[in-house]
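Here is a short briefing to read alongside the coordinates. Have the viewer open, and follow the topics in order.

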Amino acid sequence: MDTDWKIIAYLTDKTVLGTEGICLKEPRRKVRSILINEEGKYALTYEAASRIHTLPGGGIEEGEDPTAALQREVYEETGCSCDMIFPLGIVCENRYHADTAVTSYYYVTHTKTKNGVPQFTDEEMALGTETGWFSLTEALHLIKDAEHDTDHKKFLRARDLSVLEFYIREYVEK
C-alpha cells in the first residue's frame with residue numbers, strides 16, 4: 001500500500017537530532033490530517049502538559065483501513081466529520097534513540113462540522129489536550145517556532161512541519 005503514496009519526508013535521528021543510528025523494527029502506522037473548516041481555519045491539537053501543537057491524528061488499529069482510521073481519529077480529536085478527504089503523502093520516521101519506527105499517512109480533509117466536540121480519552125484530558133482553529137500562517141508558526149526539550153517532541157515538530165511546508169509549496173502557492 002505504501003508504494004502508492006508520495007513520501008513527503010524521511011526523518012531519522014541524523015536528520016532531526018544530528019545523531020547516528022537506525023531502528024530495524026517494523027514501523028507502526030498512523031494517520032494525520034490537515035483539517036480545514038468552512039471558514040478556512042486549520043485544526044491543531046494542543047497538549048498543555050507538553051506545550052506542543054500537532055496536526056490531529058493517531059494510530060491505525062489492527063485491520064483498520066487508513067481512511068477509516070482518519071475519520072475515527074479526526075472525530076475523536078476534533079468532534080468533526082471528514083466531508084472531503086484527499087491523500088497527501090507519508091512521513092517515515094526512524095527513531096533509533098527510541099527504538100521505534102512510524103509511518104504516518106497524511107490527508108487534507110475538509111469538514112462542514114461547526115463547533116465539534118472532541119472525544120478525548122481520560123489520559124488526553126489529564127494532559128490538558130484541546131483543539132484549536134487557526135489561519136494557515138498561525139498554524140505554521142505554532143509548529144515551526146516552538147522550541148522543544150525532548151527528542152520525541154523534536155520528531156513531532158519535524159514531522160508536522162515537513163508536511164505543512166509541503167502542503168503550502170505544492171497546493172497553496174501554486
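At 1.5 Å a residue, the 13 residues of helix α2 (residues 66-78) should span 18 Å, and the end C-alpha atoms are 18 Å apart, so the two values agree. Please keep in mind that this is a predicted model.

**Helix α2 and its ends**
- After α2 comes G79, which has a positive phi, near 75 degrees.
- The buried residues of α2 are P66, A69, L70, R72, E73, V74, E77 and T78.

**Nonpolar cores**
- The largest nonpolar core has 25 residues, of which I34, L88, V163 and Y167 touch the most other members.
- At least two residues of this core come from each of β1, β2, β3, β6, β7, α4 and α5.
- Helix α5 gives the largest share, 8 residues.
- Beyond its neighbours within four places in sequence, L88 has contacts that include W5, I8, I34, Y106, V163 and Y167.
- There is also a second, separate core of 14 residues, with V31, A69, L70 and C92 among them.

**T111, in a loop**
- You will find T111 in the loop between β7 and α3.
- T111 counts as buried because its relative accessibility is 2%, under the 20% cut-off.
- A polar side-chain atom of T111 lies 2.7 Å from the backbone oxygen of S81.
- Not counting residues up to four places away in sequence, T111 touches L35, I36, N37, E38, C80, S81, D83 and W133.
- E39 is 72 residues from T111 in sequence, and their C-alpha atoms are 9.9 Å apart in space.

Terms used
Residues are numbered from 1 along each chain as its sequence is written. This is a predicted model: local features need pLDDT of at least 70, side-chain atom pairs count only at pLDDT 80 or more; totals for chains, interfaces and linings use all residues. Side-chain values use heavy atoms; hydrogens and water are left out. Helices (H or I, at least four residues) and strands (E, at least two) are DSSP runs, numbered from the N terminus. The expected span of a helix is 1.5 Å times one less than its number of residues. Buried means under 20% relative accessible area, exposed over 50%, partly exposed in between (1.4 Å probe, protein chains only). A nonpolar core is a set of buried Ala, Val, Leu, Ile, Met, Phe, Trp, Tyr and Cys residues joined through side-chain atoms within 4.5 Å. Contact means heavy atoms within 4.5 Å. A polar contact is a pair of N or O atoms within 3.5 Å; within protein, one must be able to donate a hydrogen and the other to accept it, and residues adjacent in sequence count only if both atoms are side-chain atoms.
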